Amino acid sequence: TGNTAGASSGYGQYATAEHWYTIQLPPAAAGAGASGMEVSVTTCGGGTSFDTTVAVYEGCPVFGEASRRVAFNDDDYSCGVSVLQSTAAVTLEAGKTYYALVQGRVGAGTYQVEMV
């Protein structure tokens, strides 16, 4: 869980408070090639109290890296709790590092994020 109140902003889709998380994928098993792994980042948990967006990036602009957004969601209608929570699902390449962004669509608040 986290709270974006007082957090910095400026890199996501909206100019609102944001938190970044690192996703480090293990290398592919020997002989498996560069197989990907399905990763889902969601704020659908009951601990989310405001309108969120979720994005996944290859590279992180906060660290001065070139970045490319590979997934984004604003309002996951399958959450069941509220349509204000978000889920970004994407297949990511084994052995690489990615960055997940949790951001308020409007304003800030508490959230529960899960990565599976």
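**A guided tour by selection**

Begin by selecting lysine 96 and glutamate 93, whose side chains meet in a salt bridge at 3.6 Å, N to O; a salt bridge here is a side-chain nitrogen of Lys or Arg within 4 Å of a carboxyl oxygen of Asp or Glu. Salt bridges that share partners join Glu58, Arg68, Glu93 and Lys96 into one network. Before going on, note that this is a predicted model, in which local features need pLDDT of at least 70 and side-chain atom pairs count only at pLDDT 80 or more, while totals for chains, interfaces and linings use all residues. Residues are numbered from 1 along each chain as its sequence is written, and side-chain values use heavy atoms, with hydrogens and water left out.

Colour the first pair by accessibility. Lysine 96 is partly exposed because its relative accessible area is 29%, and glutamate 93 is partly exposed with 33%; the term covers values between buried, under 20%, and exposed, over 50%, with a 1.4 Å probe and protein chains only.

Next, select arginine 68 and glutamate 58, where the side chains form a salt bridge of 2.8 Å, N to O. This pair links distant parts of the chain, since arginine 68 lies in strand S5 and glutamate 58 in strand S4 (residues 52-58), 10 residues apart. Strands (E, at least two residues) and helices (H or I, at least four) are DSSP runs, numbered from the N terminus. Glutamate 58 counts as partly exposed because its relative accessibility is 22%.

Now move to threonine 87, which is found in strand S6. Is threonine 87 buried or exposed? At 18% relative accessibility, threonine 87 counts as buried. The side chain of threonine 87 makes a polar contact of 2.7 Å with the side chain of threonine 42, and another polar contact, of 2.6 Å, joins the side chains of threonine 87 and aspartate 76. A polar contact is a pair of N or O atoms within 3.5 Å; within protein, one must be able to donate a hydrogen and the other to accept it, and residues adjacent in sequence count only if both atoms are side-chain atoms.

Tyrosine 77 sits in the loop between strand S5 (68-74) and strand S6 (87-93), and tyrosine 77 is exposed, with a relative accessible area of 64%.

Finally, show the whole chain as a cartoon, where you will find zero helices and nine strands. Of the 116 residues of the chain, 42% count as buried.
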